[in-house]
Amino acid sequence: LNNCGHLFYPRWREYESCQARLLQFSLEETQWQQDWAGLMSLATQPGASLEQLHVFALAHILRRPIIVYGVKYVKSFRGEDLGYARFEGVYLPLLWDPGFCTKSPVALGYTRGHFSALVPIEPYSSPETAANNLTNQDSLQVTFLPLMDHSRKLLPVHFVTQTEMGREESLLRQWLDVGMTDGGLLVAQQRLNKRPLLVAQMLEEWLNHYRRLAQMSHAPFSRPIPVQDYSSDGDTDDE
């Protein structure tokens with residue numbers, strides 16, 4: 001942001017100005033500059049609270065869309081509403097050319113002031129499909145991410161300009177592989193690549209830890225579960 005602020009600032013200011021007009025207030029240029037300086041300062045502080053602009057910048061770093069599913073209101077530990085949470089929505093790398101970016105989005109969840117990575121449940125594979133995957137290592141699987149909320153309203157697309165407002169669905173179709181379910185729900189396709197070897201090892205170790213805990217609590221004298229030994233034999237260069 002510090003290096004490319006001159007590119008992000010005009011779009012950020014125009015978008016926030018439109019949001020301010022919807023709430024029937026406006027800011028002077030000096031106030032916009034102060035708010036921008038505050039956002040730049042937060043970006044340099046480890047552990048500081050992030051804002052929508054930082055998620056927008058991350059989409060440009062990754063060169064892929066980010067979809068955030070979140071709560072509507074930030075609540076206190078007593079359950080009281082503290083303010084409106086505006087993180088939910090789609091963040092497109094609009095400052096890049098679409099051909100330079102991937103259409104497979106990242107999904108995040110936002111609740112109680114924290115972001116969490118959202119990953120899909122692994123698709124079920126029958127013995128037949130597993131055998132096919134062994135012969136086709138480059139095969140991809142796809143999961144679907146909703147682009148509408150529970151009331152079937154389109155998720156907000158953040159940091160669009162005035163000329164782009166009203167064309168949000170068209171933008172989503174341009175930047176994402178968009179489809180429609182039989183029930184009329186707009187969804188984005190997220191491609192699931194084969195898990196890298198190191199990730200597979202870490203996941204198996206993590207699962208084995210909890211398998212052992214379950215054995216100790218339910219059947220302490222049962223035979224321990226052997227640790228899966230992964231080998232890099234036969235892996236491709238991409239792994």
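Contact here means heavy atoms within 4.5 Å. Welcome to a short tour of a predicted model, in which local features need pLDDT of at least 70, side-chain atom pairs count only at pLDDT 80 or more, and totals for chains, interfaces and linings use all residues. Residues are numbered from 1 along each chain as its sequence is written, and side-chain values use heavy atoms, with hydrogens and water left out.

**Around Gln52**
- Gln52 sits in helix α3, which covers residues 52-62 (helices are DSSP runs of H or I with at least four residues, strands are runs of E with at least two, both numbered from the N terminus).
- Gln52 counts as buried because its relative accessibility is 7% (buried is under 20% relative accessible area, exposed over 50%, partly exposed in between, with a 1.4 Å probe and protein chains only).
- Beyond its neighbours within four places in sequence, Gln52 is in contact with Arg86, Phe87, Tyr91, His158 and Phe159.
- The Gln52 side chain comes to 3.4 Å from the backbone oxygen of Arg86.

**Cysteines**
- Cys18, at 6% relative accessibility, is buried, and so is Cys101 at 13%.
- The disulfide count is zero, where a disulfide is a pair of cysteine sulfur atoms within 2.5 Å.

**The three-stranded sheet**
- Three strands form an open sheet in the order β7-β9-β8, with antiparallel pairing (two strands pair if DSSP finds at least two bridges between them).
- Its edge strands, each pairing on one side only, are β7 (141-146) and β8 (178-180).
- Six bridges join β7 to β9 (residues 186-192) in the antiparallel sense.
- Val142 has Arg191 in β9 as its bridge partner.

Technical notes
A polar contact is a pair of N or O atoms within 3.5 Å; within protein, one must be able to donate a hydrogen and the other to accept it, and residues adjacent in sequence count only if both atoms are side-chain atoms.
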